[in-house]
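Please find below a short note for a reader who is new to protein structures. The points may be followed alongside the sequence and the model.

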Amino acid sequence: MEISRHFVTIDRRQVHYRRAGEGPTLLMLHASLNTSATFLPLIGPLGNDFSVIAMDTPGYGLSDVLSPKPPEIEDYADGVIEFMDALGLERVALYGMLTGTMIGVDLASRYPERFAAVILNTMLVHTDAELAEFEERFTPPMPLRADGLHIVQAWDLMRRNAIAYPWFKPGPNTRFNLPLPEPEELHLRLLNCLSAGTEYGWGAKAAFRYLRRASIGDIRAPTVFFSDRAPPFGAHAERLAPLPKGARIHWFDDWGRLPEDIVGVLKSLPPADPPPPPPAARAVPGQVVSDCVFVGKQQLHLRRCDEGDERAVLLIHGAGGTARCIERYGGSLLGRRPVLALDWPGHGESGPWPDTDGNDLMAVAELFRAALAHIGSEQLDIFALECGAAIAGALARLDPERIRTIAWNEVLFPGEDERAAFADRYAPVIEPDHDGGYLLEAWGFVRDQGLYSPWFDKSAHGIIWDVPELDLKRTHEQVLGLLKALSVVGRAYEIGFDAEWRAGLARTSAAARICTYPGDSRSAHAVRVAEQLAQQPMLLARPDTQWVEQALS
């Protein structure tokens, strides 16, 4: 089942959602500490019977936050109605999980006419004392730390949440009768949590506050409460009394059969309406927004601001990076020049790395070329960082009529005597484990890239002397980007050290500018590229967000 990704614009904020299948509409609302990605095992099977739409709750995943801040459950519910209106969804079936269940209760109480059927999986019933404790302890503060331990703290929280509810009181009545998820699954849960930033606890806290004042007796839409019979959630369903008129509890014993249970229950309830086609993501004046570009069956995540009359600029990030990390370089151009930034395949929010016959460089460049043709940019300049330089060069050879000027910055171009060491050591092998130690490896890799050149040479010879003060938020974003690309980052760096891109430099028809700055310890790489092009490196001011404007002026 093909699952596509989309963005819809509501006022000045965007909501990201996944969509699959055909038939009556089934809208899915995820739990806190998660995103719509948590529903991927369900979306495919359910898409055989329904048009499944799974949205990222505002503030989670790729959906922008709501105002006021922090939101209440009623605000999240109103946001769902705004989302439905933006997509043209009149009457849907609803599936909610945990915090999504609380939002569902409010929707089924205040907007019953919009919901043909409602399934609420795991409705919690707590005492006031429990709610006060949960609100205080369930989502502890995780401020950014220079040593990266906040990411390890988030990993530990995801691991504990997979063992017991509540995670801070493990015991016979709170443990899940389930195996500990594999490290790769915990890694995905970690990414979902980190996507919400330091406000990750807003949804859970709103749910606990809502439980103090809400009543399931106010529900007026056809509703079925789903519950696992086993601890710890089975005890909560037993406290659901009295049930709203016409509502019932559906008990299940096997989470693996959940799709069949959902389909069976929904087919016994009134049908929802089918959805219209997904609308295009609307631009927001003066703001960079997200979109998805379809290239065959592949989707690439795009960040864009189309305002401006001058030639467009494409920003290409490096290996392990993301479009969001590099878009800051285009800030000074907004309003004058359209700015585009694509996530590489296997990076950020783009689809998987392409299947290739071994020529990864040209396969990735071809995906970029097809994406640009789909976007419709007739001519543009490129600003590329690090290994993005290789993609920029290949793209210019593939599409010489479209690419006019390339600026290469922080390019990695080791000498012949260094290539073997770079190819062998530059991309560290970082794999998820059950203890979370790999996260400190990722943090250290990103940190040391700004301290040593190359990062693995910790000798005095490798010191980068012009080191700006550590920007914790930026470093965190870069590490998060790397964590999203762990499975392909080695192949991405191979592109940067590929002999084909080095040999192809002389065949680049676009005007090329090799940039560095005075005192840059890594300028030897820029000098080597410039020598290949028989030119002098272009000296820019100290690295800042004006680099693109300087390099392409």
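1. Phe445 counts as buried because its relative accessibility is 3%; buried means under 20% relative accessible area, exposed over 50% and partly exposed in between, with a 1.4 Å probe and protein chains only. Trp455, at 13% relative accessibility, also counts as buried.

2. The model is predicted: local features need pLDDT of at least 70, side-chain atom pairs count only at pLDDT 80 or more, and totals for chains, interfaces and linings use all residues. Residues are numbered from 1 along each chain as its sequence is written, and side-chain values use heavy atoms, leaving out hydrogens and water.

3. The whole structure holds 28 aromatic pairs; rings of Phe, Tyr and Trp (its six-membered ring) pair if their centres lie within 6.5 Å, and planes under 30 degrees apart count as stacked, over 60 as edge-to-face and the rest as tilted. The ring centres of Tyr426 and Phe456 are 6.3 Å apart and the planes stand at 80 degrees, so this pair is edge-to-face. Both Tyr426 and Phe456 are buried.

4. Phe445 and Trp455 also form an edge-to-face pair, with 5.1 Å centre to centre and 80 degrees between the planes. Phe445 lies in helix α14 and Trp455 in the loop between α14 and α15, 10 residues apart; helices (H or I, at least four residues) and strands (E, at least two) are DSSP runs, numbered from the N terminus.

5. One aromatic cluster is formed by Phe134, Phe138, Tyr165, Trp167, Phe168, Phe176, Phe208 and Phe233.

6. Helix α3 is mostly covered, with 11 of its 12 residues buried. Among them are Met102, Ile103 and Leu107.
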